[in-house]
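Hi,

Here is the structure I promised to pass on. Have a look at it first, and then read on for what turned up.

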Amino acid sequence: MTAGDAVRAEPVEVLAQAGRRRSFAVISHPDAGKSTLTEALALHARVISEAGAVHGKAGRRGVTSDWMEMERARGISITSAALQFGYRDAVINLLDTPGHADFSEDTYRVLSAVDSAVMLLDAAKGLEPQTLKLFDVCRYRGIPVITFINKWDRPGRDALDLCDELSDRIGLQPMPLTWPVGTAGHLRGVLDLTEGDFIRYLPSTAGAGAAPEERRDARQAEAEAGGDWHRALEESELLRASGGEFAAARFADATATPVLFGSAVRNFGVRQLLDLLVDLAPRPAPRIDTGGAARELDAPFSAFVFKVQTGMDPSHRDQVAFARVCSGMFERGMVVTNSTTGRPFATKYAQQVFGQQRSTLDTAYPGDVIGLVNATALRVGDTLHAGRPAVRFPGLPSFAPAHFAVARPADLGRAKQFRKGVEQLGAEGVVQVLRSDRRGDAAPVLAAVGPMQFEVATHRMSSEFGSPVRLEHLPYNAIRRLADPRQRAVVDSGRRSEVLTRDDGAELALFAEEIDLRLMLRGHPELVLEPLVAEGG
Ligand code: G4P
């Protein structure tokens, strides 16, 4: 089969399969319980037999990758995983996002590949900085958000107070679907606002299995939970009267958020979350290409690469490109075209990857994520497609970097490894790589949104590419995009400014301080400098 042969599954089949997909990511501040919730979700769907098999977090089973030493030491998740499991008649794709603010660019890319997000809050803390930042990305992209208020098994804030915070601070109308009965720390269960039932909380051993839940009707609830039950009825009524009545359309247009209460570690409330995803979360929709046309779901196969990662498995040191299917059916082995380069690309080694586990993937449909192993030719933002004409989806915008450092090989004898490593880290988007003729090829400038990206880069340069690097930080604090490359010499003539070219071709004008930028504009009013987009930043 060649790149020109369109593999076209029966459109009816593709549409039916796409309709079963729910692809989402969890956004949260570190420690809110994202890994625990991921495990609990998978546990409910019974794809893993023991909690802890998904993420290689500290002390948990499944820690096998040595380049993740940093993750372990810090207890943060740097790598992303795509977990697929079946629940009822649906196929759930859960895309993991890194929890640390320094990797917001990475998260942004993951959020470009989902149809909805679950905002996970710690009941004792409410909205935290990283949650807010990630929520901004969802808002920017119009991604519908479900809110899950976690850790209800231990003391925390008042439910009404937490809901008010959603409307006051981020302008998102909370629409509770359940309401806690009993205060945080003294949880007796939740009121199911759709059915009017009481779902009793039966504390289970953490991680032991899907929590048994007992349903009681309102009369029994009153007898069992008396005052707490009444308070729950009153409070939820209060919220519903002030605009919190559930409306699917407002969830879909991302102006309001369904809210659930629960405890991930106790597996309580997790099933309601799964049901909500299946019943109400958006299914894959046609994606808009660079020409503004919608790529219908049943058009021939197309996908875009939203993440590239190397060294996930230390025994292989391989590179995996993650692509989200946008249309058609994917069949392993099909030869597709990379529309960025126009070159054919063979998909013999397609896999499903999550955590340390991998399995061969034979077919995939819109909404699914395919891991393409050893896809060294693929870069973040590339579009893959079958058949003709070519299709290209808009590339993923880069964040405005805030930290800059010149990288040099510590050992000059390893210049080749150095070049290869820097190129690879740039292709993966671990850091942005900037160059100029003035600095030359041997001294590229690494740019990052957060300084921890530099740590990952230096760690990988020595451990993976065998070329330790020395970084010299550059004191640039103002950055613009140079609209006309012919004006480069003007900026380069400044003592405290220079122009560097980013991998995507953007010409970045860097100034030590805002004042330097202003002085230059005063001296050269003809200079056209544009602000850089910093989505979610
Ligand atoms: P993250 O991925 O968002 O960073 O959070 P993670 O799941 O690792 O959870 C952070 C801590 O919060 C963990 O405790 C976890 O057990 C706890 N946690 C998660 N969900 C709940 C919940 O519903 N109730 C309570 N009480 N705790 C919860 P840890 O002590 O840091 O780690 P561990 O040794 O328990 O794994």
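Arg 154 and Asp 122 form a salt bridge, with 3.9 Å between the closest N and O atoms. Please keep in mind that this is a predicted model. The two partners come from distant parts of the chain, 32 residues apart: Arg 154 sits in the loop between β5 and α6 (159-170), while Asp 122 belongs to strand β4. Their surroundings are worth a look too. Arg 154 counts as partly exposed because its relative accessibility is 40%, whereas Asp 122, at 1%, counts as buried.

The count for the model comes to 32 salt bridges. Another one joins Asp 368 to Arg 21, where the closest N and O atoms are 2.9 Å apart.

Now to the sheets. Strands β1, β4 and β5 belong to an open sheet of seven strands, in the order β2-β3-β1-β4-β5-β11-β6 and with mixed pairing. At its edges are β2 (82-87) and β6 (173-176), each pairing on one side only. From one strand to the next, the twist averages 30 degrees. Strands β5 (residues 145-150) and β11 (residues 256-261) run parallel and are joined by three bridges, and Thr 147 stands opposite Val 259 in β11.

Helix α5 (residues 129-141) packs on this sheet, touching β1 (21-28), β4 (116-122) and β5, and its direction makes about 145 degrees with that of β1. Which residues of α5 are buried? They are Gln 130, Thr 131, Leu 134, Phe 135, Val 137 and Cys 138. Seen down the helix axis, these buried residues fall within an arc of 150 degrees, so they line one face of α5. Just after the helix, Gly 142 takes a positive phi of about 70 degrees.

There is also an open sheet of four strands, ordered β7-β8-β9-β10 with antiparallel pairing. Its edge strands, β7 (178-181) and β10 (214-216), have a single partner each, so one side of each is left without a neighbour in the sheet. Four bridges join β7 to β8 (residues 189-192), and the bridge partner of Trp 179 in β8 is Leu 191. Helix α7 (residues 218-244) lies across β7, β8, β9 (197-200) and β10, running at about 125 degrees to β7.

Finally, take a look at helix α13 (residues 514-523), in which Asp 516, Leu 517 and Met 520 are buried. They cover an arc of only 100 degrees around the axis, which puts them on the same side of the helix. On the other side of α13, Arg 518 and Arg 522 are exposed. The cover over the buried residues includes β28 (478-482), α12 (488-492), β29 (497-502), β30 (507-511) and β31 (529-530).

Best wishes

Key
Residues are numbered from 1 along each chain as its sequence is written. This is a predicted model: local features need pLDDT of at least 70, side-chain atom pairs count only at pLDDT 80 or more; totals for chains, interfaces and linings use all residues. Side-chain values use heavy atoms; hydrogens and water are left out. Buried means under 20% relative accessible area, exposed over 50%, partly exposed in between (1.4 Å probe, protein chains only). Helices (H or I, at least four residues) and strands (E, at least two) are DSSP runs, numbered from the N terminus. The arc is that of the directions from the helix axis to the C-beta atoms. Contact means heavy atoms within 4.5 Å. Two strands pair if DSSP finds at least two bridges between them. Axes are lines fitted to C-alpha atoms, for helices over the stretch in contact, and angles run from 0 to 180 degrees between N-to-C directions. A salt bridge is a side-chain nitrogen of Lys or Arg within 4 Å of a carboxyl oxygen of Asp or Glu.
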